[in-house]
Amino acid sequence: MSKLDSKIPEGAIEQKWSKYKSSAALVNPSNKRNLEIIVVGSGLAGASAAASLAELGYKVKVFCFQDSARRAHSIAAQGGINAAKNYQNDGDSIYRLFYDTVKGGDYRAREGNVYRLAEVSNNIIDQCVAQGVPLAREYGGMLSNRSFGGTQVQRTFYASGQTGQQLLLGAYSALQRQIGLGTVDMFTRHEMLEVVKIDDKARGIIARDLVTGKLERHFGHAVLLCTGGYGNVFYLSTNAMGCNATAAWKAHKKGAFFGNPCFTQIHPTCIPVSGDHQSKLTLMSESLRNDGRIWVPKKQNDTRKGNEIPEEERDYYLERRYPAFGNLVPRDVASRAAKERCDEGYGVGTSKMAVFLDFKAAIERFGKVQAKKSNIENPTEAQLKEFGKQVVEEKYGNLFSMYEQITGENPYVVPMRIYPAVHYTMGGLWVDYNLMTTVQGLYCLGEANFSDHGANRLGASALMQGLADGYFVIPYTIGSYLAKEIAVKAIPTTHEAFVAAENEVQSQIDKLFAIKGTKSVDHFHKKLGKIMWEKCGMARNEKGLTEAIQEIRVLRDEFWKDLRVTGKQNEMNPELEKASRVSDFLELGELMCMDALNRSESCGGHFRIESQTPDGEALRKDEEFSYVSAWEYKGNNTYEMHKEDLVFDVVHPSSRSYK
Amino acid sequence: MSTGNMNLTLRIWRQNSGKEQGQLVTYPVKDISPDMSFLEMFDVLNEQLVSKNENPIVFDHDCREGICGMCSMVINGRPHGPKSGITTCQLHMRSFKEGDTIVVEPWRAQAFPVIKDLTVDRSGFERIMAKGGFVSVNTGTAQDANCIPIPKDDADASFNAAACIGCGACVAACKNASAMLFVSAKVSQFALLPQGKIEAVARVKNMVAQMDDEGFGSCTNTGACEAECPKGISLENIARMNREYFVANIKQ
């Protein structure tokens, strides 16, 4: 247990970060020029970190597997970004944002980290606006806010339904600027396949050029993994097709502990699966729950269309069960409630695995306000509808057209059908307050680390955390480490550690080609996804998890016996890329199940059927499980769990109630 | 839940590398569901190719929800296919009919050389961005966000320009392979905001110079770019950039 030191600074929670900043070691500008930093991943965390570090004077190399840094999946975040600006005068504060986040995470996050996150949230908004990110505004010219699940204030900044896109383009612009200035070397279409360690410190990576297929060695005094989450272990998720766990997993096998792997967020509002051909799931922003109402028919197996079911035959089950928060309960609560209704036979649509998200009431409400504004005294029904539709269109137009595009149904007329889907992973590489993993000089930022969201992430907090880590945390914390590294000259990549790491990668690739089996990569990935979704998804129990572990082991054996990888190594070969990623998912999936099995409590997104209150809510067991499980790789798919005890000095864990 | 019943003939551009000749190859596909996305239909085809031990078709794609800008197919002669306002990944098979023949090619432009099959090299866009697609503000120097009030209409117009996903459909649609819509959208985003005004002169000159160096063609105002843009980026941006460019040349 001595292996885990979270390095949270001493002192009152409000002072930890400012004290840290004023006492952390510094690196002088002439030394920064000689220090090289590798950043893997170019999403919000990676791009913001790379740009900020280059601005400070470090030599930075950035790697991403897409053809541009701008394509990282942060781009797809829709709803918004939280900050404790209190521009709405509704009682928000840094403390409240901190409190909501700790509570929302079901008391499984570190207080010190979360407070820092809330503290820097305001700087992020300032920074983005200065960069020219066009956030939504009111007519007076000031920034606009909206509310999001799990909170009772309006603290979410947004840019229509494309907030992630605009924030990423801001960070990407800052990164491109540094590339133009020659301080960052950008390697697009490159995938990191191994961490290089010398004398127990991370000193570089092995990457594959995805166009030529060649393996490359790159040195760095420090390595930052900003590689996103591992939701694609479920095959179907809201992640992009290329999202993967490979960088984090390779680092894990090189000594970085994996924190809370079972903490997965199932997002309540996604477009339901339409068939076996499905390759990914599309999210409908949580912001829709601001104005949309979620319901199912009161009658089981009701086959009528949503708009044909009269008001009195509808069960607005979230408003019924959680009157205080209603449709704005946190994601984990909303997801489980939808599953419960569908499991009981109240689901809608052809698959019966969906609930309605309805804008009828919102259209009526907006219509009345709009008619008043336009001084129309007795508006007709049609006028009201038209006015209301206009308002909804302005707020959510792009989401509505996306829905129509995918389903072929018009959501202004027929209520949307939605169902939960895997969206985000709160677990990730274990990091200390400095964002350093258990490997010296190896850092992990953004969704890829485990740190700030506990067992459940609140809406609009992912963008906040990614940018907090990249813009405002790592530029300070990396100095503490690099200040001790200034005497280290760049190590030539002919060093034996680089040679050995490259050989390891090469033999893995050779092994994949050598199988020459009969089944495609997707075949195995889909099978793994099915096991994970059914047994390690929204509800988990001991029996299912034990079975899942066995099934994954069998599947992994089959993979290594019967996989077919077409093509060659030295060419652009997406099948090889996928094979390598799925081989890692097949190991990570097992660890997720082991972690879920160990944690026999329910908390946040992790729901153990054995641990619930009489009315079906998640039942936490603080005496037993108030810790972070950090798994150490012990070789040959064996792991040892270490515990980091969570101490709550400020917010005292209570049972989370949204009623 | 069921597989569908559409039978189609695909004619797809295959090219092993930028150095080799390419050609259209015919592939029949069966039992396609109208609820499939266009790229899911490609998944089905690639699965068939793998089962026959043939090399699957290489194409760029990632988010599959129309925002990352990675997917890039010319379908029956139109970038991103027959429907307006969407990307290739958002196109669904219900837009086609049983028995259709569908021709799929990569973006065609000198400045976007083919890497393999339907994948092209769009790094020219990156180099243009690095010349001026930003506001030069280092992390940590910003004042409070509400100290810069911006009229809602300006903020909205700037957002509309910033909605560009950098896919390159504008270039693929243009008979001159001009990148004016892409570059002007970025120039406009900043030209419309007070934060962007300070560097306006250098920005437009440097970005346009890099655009020309990359070998993108000239703009002859045919408007094909706007018609095919999946994000509805307006031609007004080009007019605005021309104005910015003109002013920049007078000022310097």
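This is a predicted model: local features need pLDDT of at least 70, side-chain atom pairs count only at pLDDT 80 or more; totals for chains, interfaces and linings use all residues.
Domain bounds here come from an automatic or database domain assignment. With that in mind, chain A is divided into domain 1, residues 267-420, and domain 2, residues 503-626. Hi everyone, and thanks for coming.

A word on confidence before we go on. The model scores ipTM 0.98 and pTM 0.97. For chain B the mean pLDDT is 96, with 99% of its residues at 70 or more.

Back to those two domains of chain A. Their centres, taken over C-alpha atoms, are separated by 33 Å. How many residues does each domain bring to the contact? Domain 1 of chain A gives 6, and domain 2 of chain A gives 6. On the domain 1 side, helix 9 of chain A, residues 331-343, has the largest share, with 5 residues. If you sort that side of domain 1 of chain A by class, you get 1 nonpolar, 1 polar and 4 charged residues.

Now, please look at the sheets in chain A. One of them is an open sheet of 5 strands in the order 11-15-14-12-13, with antiparallel pairing. Which strands sit at the edges? They are strand 11 (264-270) and strand 13 (314-315) of chain A, each pairing on one side only. Strand 11 of chain A pairs with strand 15 of chain A, residues 416-425, in the antiparallel sense over 5 bridges. As an example to click on, T264(A) has T425(A) in strand 15 of chain A as its bridge partner. And here helix 9 of chain A comes back: this helix packs on the sheet, touching strand 11, strand 12 (293-297), strand 14 (355-358) and strand 15 of chain A. The direction of helix 9 makes about 65° with that of strand 11 of chain A.

There is another open sheet in chain A, with 4 strands in the order 16-10-18-19 and, again, antiparallel pairing. Strand 16 (428-429) and strand 19 (639-645) of chain A are at its edges with a single partner strand each, so one side of each has no neighbour in the sheet. Strand 18 of chain A, residues 627-633, is joined to strand 19 of chain A by 7 bridges, and the two run antiparallel. Within that pair, Y633(A) stands opposite Y639(A). This sheet has a helix on it too: helix 16 of chain A, residues 574-598, touches strand 10 (258-259), strand 18 and strand 19 of chain A. The angle between the directions of helix 16 and strand 18 of chain A is about 145°.

Let's move to chain B. Its division is into domain 1, residues 6-116, and domain 2, residues 123-137 together with 144-251. The centres of these two domains of chain B, over C-alpha atoms, are 29 Å apart. In their contact, 18 residues of domain 1 of chain B meet 16 residues of domain 2 of chain B. The domain 1 side of that contact in chain B holds 9 nonpolar, 7 polar and 2 charged residues.

One helix pair in chain B is worth a look on screen. Helix 7 (residues 200-213) and helix 9 (residues 236-251) of chain B have axes that come within 9 Å and cross at roughly 110°. Angles of 65 to 115 degrees count as roughly perpendicular, so helix 7 of chain B is roughly perpendicular to helix 9 of chain B. Among the residues making this contact are V204(B) and V208(B) from helix 7 of chain B, and M241(B) and Y245(B) from helix 9 of chain B. By class, the contact has 7 nonpolar, no polar and 3 charged residues.

Finally, how do the two chains meet? Their contact takes 63 residues from chain A and 67 residues from chain B. Several helices of chain A supply at least two residues each, including helix 3 (44-56), helix 5 (111-130) and helix 16. Helix 6 of chain A has the largest share of the chain A side, with 9 residues. That side of chain A has 22 nonpolar, 29 polar and 12 charged residues.

To close, here is helix 6 of chain A against a partner. Helix 6 of chain A packs with helix 2 of chain B, residues 123-130, at an angle of about 85°, and their axes are 8 Å apart. That makes the two roughly perpendicular. Q176(A), I179(A) and G180(A) meet E126(B), M129(B) and A130(B) there.

How values were computed: Residues are numbered from 1 along each chain as its sequence is written. Chains are lettered from A and ligands numbered from 1 in the order in which they are written. pLDDT is the predictor's confidence in each residue, from 0 to 100. Two strands pair if DSSP finds at least two bridges between them. Two residues are in contact if their C-beta atoms, placed from the backbone, lie within 7 Å. Axes are lines fitted to C-alpha atoms, for helices over the stretch in contact, and angles run from 0 to 180 degrees between N-to-C directions. Ala, Val, Leu, Ile, Met, Phe, Trp, Tyr, Cys and Pro count as nonpolar, Asp, Glu, Lys and Arg as charged, and the others, Gly among them, as polar. Angles under 35 degrees count as roughly parallel, over 145 as roughly antiparallel, 65 to 115 as roughly perpendicular and the rest as oblique.
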